[in-house]
Amino acid sequence: MSENIKISIRGLYKIFGVDPLCALEHVRSGAGKTELLDKHQHVLGLQNINVDMREGEITVIMGLSGSGKSTLIRHLNRLIEPTAGSVKVDGDNVLDYDELALRGLRREKMSMVFQKFALLPHRTVTENAATTLAVRGLSERESTPEARKWLDRVGLNGYGEHYPRQLSGGMQQRVGIARALTSNSPIMLMDEAFSALDPLIRTDMQDLLLELQRELHKTIVFITHDLDEALKLADHLVILKDGLIVQNDEPQQILLNPKDPYIEDFVSDINRARVLRVRSIMKPINGDKTSDVHGEVNLNDTLESVIEKSNGDVSHSYIVTRDNVPVGIVDMSTLVKALVPRVSAEKAARKF
Amino acid sequence: MADLLAKAKGGEANSAPWWEFSFPSLDALNKACASFPQSRDVTKGVEEVFLAIKDALRIVLDPLTQPLSWMLEFILSVVQVAPWWLMLPVILLIVYLASKSLRLVGFVAICLGFLAFIDHYDHAMQTLSIIFVCAFLCVFFGVPIGIAMSRSDNLQRIIIPILDMLQTLPPFVYLIPLIFLFSVTEPKLYGIAIILYAIVPVIRLTDLGIRLVDEDVIEAADSFGMTERQKLFGVQIPLALPNIMAGVNQTIMMSLAMVVIASLVSAPGLGVLVLRGIRNLELGVGLVSGLGIVLLAIILDRVTKAALDRINASQKSQ
């Protein structure tokens, strides 16, 4: 994964209402969301958003409904105009673009997948997938093979002549993904792309996305309200609340060091053993200790697999390796401690 | 004002009880004081204004609407010249292409065959051809107006009251100013009346249809960088088509209603027979031609509805 920053958002504000610029002054001088609504009748959508999204990574923006996550993703391709701030893609400020440049950005650089699929009901699956090329003026003969290729890739071989209504929800969203992939844009915006699907199909689609990502290395911005989904997909996790970024870090770090009670609450219900990985809790090797270890585990193993390996014995410890080179050590007592979220421990203490 | 009223009352018999005084209308006021105009002066004033601008209006409207006369004259002469064994198959072919239903084609064949059998073929064809021209022009002008309305809230605010007026104005009222503007012998006289009356639903439903297009799909279209043009022709119009077609159906039915009334101003067709039935108290002629109009109405309605259903079936999402 490269360190190149593909999308950089700085000081982004969005206020809905009659006179957003005036309301912006109030926000800058410290008015909160409720105050702004009560006193000035403006809705604070986003407040001082600063995020960097790295090339080739999946950045997940998570928050409950009303937290502004869908508003935020629409600022990237300017489906919504911000009140203040800047959005830079490859160093260019998108907000300076005129109509033509903006259309170019939407056609060549960013493609979007929608929660409600948003397929064209009167076009066939192939025609739908080819839409992103057709808008650039490519003829059907040029765009169809490309659309077919991506439809095959997402597992819709042979459905090309069907109409969207003939497909199930999961398959329709596959068309949505194929349509975004057909454009060959380096950035993919996914707005709650899997939220409308039932849990099993959702897992399938997450796996499909991760598989595609291993191959294509796109810059993906993924919106979700589901923490499990966020943790599964994210290379980088941004948590939004009331239009404000609460925490913005690697998912493992957020899980281990939640910054505020809101996130603690959030992460307390998670199966930590399945999400946390050895690399997040290992300690550096101190020469002498290497003798009484019980085996080796990989850097990216989940804690669940280590517990399985230890058969539940808390006295064990393991050498952590990356590409068969030892890089650290993990002992079971640390591991078990990491499994207990801070907040639930406190709650339990309060109870008794 | 009170003095004047008292004077007016005083002038009349004093025996009337006090509560029986008349509303201070123009005529009542004029009785008391001759310097008030009478209400017939108002209607006369309206008439004079209309007559004064009539010539100017005609100079503008006459050439603008002349093509309508030509089109109506042309199609009426075509159906007159074309033999029945050519016209009927052509109509049945159109029915088939629109509905793709052989049952409906059979039904239309029986209805038209019946009308021809009782010697109403010529009149029915004249009625159909007038409807054809007028409904075509309604769609031709109505759809763009509807599209323009759907894109501008201001335009919508202006046009909706006009549509409301056109829709509520009794059909006979359309005819009055038109008779003064154009000669009664010109086909465009009834053509304009029919178009004004029948264009309303197609405008309304085009506007509604485009405004009802799924926001998500429009957003998706925007996110792929579609131009306004691509969006209009590739997304909005196709998705609004069921509503637009419902408007076309209504427009055709309303043209049929108006073409009967328009026989008062020399529109040919079945309406002439109905009029004869009323004028000469020829009960049978009136009823049979009325039945003919009902049959035409059923044919037009079924065919357009079948076309609409076909579009609906291909559009159902999810």
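Student: Which side chain meets that of B:Arg276 in a salt bridge?

Tutor: This is a predicted model. A salt bridge needs a nitrogen of Lys or Arg within 4 Å of a carboxyl oxygen of Asp or Glu. For B:Arg276 the N to O distance is 3.4 Å, and the partner is B:Glu282.

Student: Is B:Glu282 buried, partly exposed or exposed?

Tutor: Buried means under 20% relative accessible area and exposed means over 50%. B:Glu282 has 27% relative accessibility, so this residue counts as partly exposed.

Student: How many residues apart in sequence are the parts that A:Asp331 and A:Lys283 tie together?

Tutor: The side chains of A:Asp331 and A:Lys283 meet in a salt bridge of 3.9 Å, N to O. A:Asp331 belongs to strand E13 of chain A, whereas A:Lys283 is in the loop between helix H13 and E11 of chain A. The pair therefore ties together parts whose separation in sequence is 48 residues.

Student: Is A:Asp331 buried or exposed?

Tutor: The cut-off for buried is under 20% relative accessible area. A:Asp331 has a relative accessible area of 17%, so this residue is buried.

Student: Which are the edge strands of the open sheet in chain A?

Tutor: The three strands of this sheet have the order E11-E12-E13, with mixed pairing. An edge strand pairs on one side only, and in chain A this holds for E11 and E13.

Student: In which sense do E12 and E13 of chain A pair?

Tutor: Strands of a sheet pair through backbone hydrogen bonds, either parallel or antiparallel. E12 (residues 317-322) and E13 of chain A pair over six bridges, and the sense is antiparallel.

Conventions:
Residues numbered from 1 in each chain as written. Chains lettered and ligands numbered in written order. Predicted model: local features only at pLDDT ≥ 70, side-chain atom pairs only at ≥ 80, totals over all residues. Heavy atoms only, no water. Pairing = 2+ DSSP bridges. Helix = DSSP H or I, 4+ residues; strand = E, 2+ residues; numbered from the N terminus. Buried < 20%, exposed > 50% of the residue type's maximum accessible area, 1.4 Å probe, protein only.
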